[in-house]
Amino acid sequence: FDDIDLPSAVKYLIASDPNLQVLGAAYLQHKCYSDANAKKQARSLQAMPKLVKLFNSPNQEVQRHATGAMRNLIYDNAENKLALVEENGIYELMRTLREPDDELRKNVTGILWNLSSSDSLKDRLARDTLEQLTELVLGPLSGLGGSGAIQQNPSEAEIFYNSTGFLRNLSSASQQTRQKMRECHGLVDSMIHYVNSALDVGKSEDKSVENAVCVLRNLSYRLYDEMPPSSLQRLEGHRRNANSTVTGELVGCFSPQSKKAREHYMSADIVTFTEVSKDPKGMEWLWNPQIVGIYNRLLQRCELNKHTTEAASGALQNITAGDRRWAGVLSRLALEQERILNPVLDRVRTADHHQLRSLTGLIRNLSRHARNKDEMSTKVVSHLIEKLPGSVGDKSPPADVIVNIIAVLNNLVVESPMAARDIVYFDGLRKLFYIKKRRDSSDHEKSSRAAASLLGNMWQYTKLHRDFKTKGYRKEDFLSL
C-alpha cells in the first residue's frame, strides 16, 4: 500500500490482472474503513460502478475484496448507498449471495444491513431481496425445514445475525413493507423457529434472537388493521361483523351482560380458538395463541438482554391492543393460561423507561380485557403506584408511562372496589393528587386529566369516604377537574 493512492487503486479495479484488481479493492477497503473524505473521493473517482462489476468476478478473491471494499464505502454514507443501488448493486449482491462462500456471504449480508438503515431505500430493498434472502439464508440457517435444530458455524452465525439485523431495519418501515415481509413465504416461520430453538437450548440472550423478536414485534404493529380481511373475519367469529354490534345480535335473546351472553361468547371464543390454534403457517404465527407462550418464555428466561424483553412485551402489547375480539382472547389467554402477570411485574421492578413503555402498555391492555379485576388488582396496584412520582424531587417516568399506569388503575377501579382500596392503602392518593395538580406542560396536562378521571371514579366508593377524609381529602378534591 506504500506506493499506491486512491486514483491508482480505482484504476486497478479495471485492470485485466486479477491480482491488481484485488490490490485496488483491498486498498479501498483499508482506506475507506473510517475515513469520510476517502469515501467521498472514491465515489467521485467512479469506484462504485467498478466495484459492483467485480461482485460476480470469476475470481473469488476479487469478489471478496470488492464486496469488502463496498461494505466500508457505504457505511455511514448515504450518497454511496444510493450510488450502489443506482448501479444495479442490489441485483448483483443477490447473485453473489448464491455463492457457497461464507466470507462473501458475510460481506453481502453486511452490505444489505448497512443499506437498510437508510429509510428511503427500505421499500425497494424489501421488494428486491426478501424472497431470495429467506430462501438462501433465513430458512437454512434458522434450522427451518432441515434437522430442526440450529446448526451454525461462527461464520454462519454472523451471516444470520447480519440478515436478521437487515430485517429488523426493514420491519420498521412502511405498512407496505410490513405487508411484504408478513407475506414472504418462510420469513415469519424462520424467525419463530429460530427463537423457539434458541429458547430450547438456553440461548435466549443471543443477539440474533434479539433481532428476530424485534422483527416479530414490528410485524405485529397495527396487526388487526393490516391483516387480510378473511383472517380478521375468522378471528372476529360470528360475534361481530361490519353491520352489527354484539348487542344488536342478542336483542330479544339475552342482554350482553347476562350470564347466558357471557357463556355464548366464551363458547364462540373456544370454537375460534381451537380452529386458529391448529398448525400456523407464515403470518398466522403473529396472532396464533402459541406465540403468547413464546413471548412469555422470553420474558422469563432472558435475564440480561433488555432489548429482547422489551421487544417481547412490545409484541404482546401489539396483539392485545384495541377492542377487537381477538385482542381480548389473547389477553385472557396470557392472564389465565400463561399466567403472564408475574413475569411482567418482575420486569416492571427493574425496567428502564423504554421497557416501562411497552410493559405498562401491555398491562393496560390486559387490565381492560381481564375477567377477574379483583384478582388482577391485588397483583398489580402496589407495583404500579411505586412507579408514580409523588413530589417534585421524585424520579418520574415519561408522561406516556404515567398515563398507562393511571389507565390500568382506572380500568381496575371501575369494576373493583379492591383496586380503589389498595390505591389508598399503598399511598396512591398522595401521588395521584400531585399528578393531578401538575399542569405545567402538555405532557403533564395529559397525565393530570387521567389522574382527575381516576380520582372521580374512586369517589364512587362510599365505603372509602372515611379513609379519604382521614387522609385530609374532601369531596371537591376528588370531583374537581
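The protein exposes about 22,300 Å², an area from the Shrake-Rupley method with a 1.4 Å probe, where for residues only the protein chains shown count as cover. Carbon and sulfur atoms supply 48% of that surface. The model is predicted: local features need pLDDT of at least 70, side-chain atom pairs count only at pLDDT 80 or more, and totals for chains, interfaces and linings use all residues. Residues are numbered from 1 along each chain as its sequence is written, and side-chain values use heavy atoms, with hydrogens and water left out.

Along the principal axes, the C-alpha atoms fill a box of roughly 90 × 55 × 40 Å. The protein has 29 helices and 0 strands. Both are DSSP runs numbered from the N terminus: helices are H or I with at least four residues, strands are E with at least two. Of the 481 residues, 54% are buried. Buried means under 20% relative accessible area, exposed over 50%, and partly exposed in between (1.4 Å probe, protein chains only). Contact means heavy atoms within 4.5 Å. Among contacts with a separation of 6 or more, 72% join residues 24 or more positions apart.

The domain assignment gives domain 1 (1–117) and domain 2 (373–480); such bounds come from an automatic or database assignment. The centres of domain 1 and domain 2, taken over C-alpha atoms, are separated by 59 Å. The largest nonpolar core has 140 residues. A nonpolar core is a set of buried Ala, Val, Leu, Ile, Met, Phe, Trp, Tyr and Cys residues joined through side-chain atoms within 4.5 Å. Leu 28, Leu 84, Leu 167, Leu 187 and Met 458 have the most contacts inside the core. In soluble globular proteins, nonpolar side chains tend to be buried together.

Leu 28 is found in helix α2. Leu 28 is buried, with a relative accessible area of 0%. Leaving out residues up to four places away in sequence, Leu 28 touches Leu 6, Val 10, Leu 13, Ala 42, Ala 47, Leu 51 and Ala 69. Its C-alpha atom lies 8.6 Å from that of Lys 39, 11 residues apart along the chain. With neighbours within four places again set aside, Leu 84 is in contact with Met 48, Val 52, Phe 55, Met 70, Ile 74, Gly 89, Leu 93, Ile 111 and Leu 115.

Helix α3 (residues 36–44) has the buried residues Ala 38, Lys 39 and Ala 42. These residues lie on the same side of α3 because they cover an arc of only 100 degrees around the axis, the arc being that of the directions from the helix axis to the C-beta atoms. An α-helix has 3.6 residues a turn, so residues three or four places apart point the same way. The buried residues of α3 pack against α1 (6–12), α2 (18–31), α4 (47–54), α5 (60–74) and α6 (78–86). Ala 36, Asn 37, Lys 40 and Ser 44 are exposed on the face turned away from the buried side.

The N-terminal end of α3 is capped by Asp 35, with a side-chain oxygen 3.0 Å from the backbone nitrogen of Asn 37. Gln 46 follows α3 and has a positive phi, near 70 degrees.

Asn 80 belongs to helix α6. Asn 80 counts as buried, at 0% relative accessibility. Its side chain makes a polar contact with the side chain of Arg 43 at 2.7 Å. A polar contact is a pair of N or O atoms within 3.5 Å; within protein, one must be able to donate a hydrogen and the other to accept it, and residues adjacent in sequence count only if both atoms are side-chain atoms. Not counting residues up to four places away, Asn 80 touches Lys 39, Arg 43, Met 48, Leu 73 and Ile 74.

Several loop residues were also examined. Ser 57 sits in the loop between α4 and α5. At 10% relative accessibility, Ser 57 is buried. Its side chain reaches the backbone nitrogen of Asn 59 at 2.9 Å. Most residues other than glycine have a negative phi. Asn 88, in the loop between α6 and α7 (89–96), has a positive phi near 65 degrees. Asn 88 is partly exposed, with a relative accessible area of 41%. Asp 427, in the loop between α25 (417–425) and α26 (428–437), also has a positive phi, near 65 degrees. Asp 427 is partly exposed at 33% relative accessibility.
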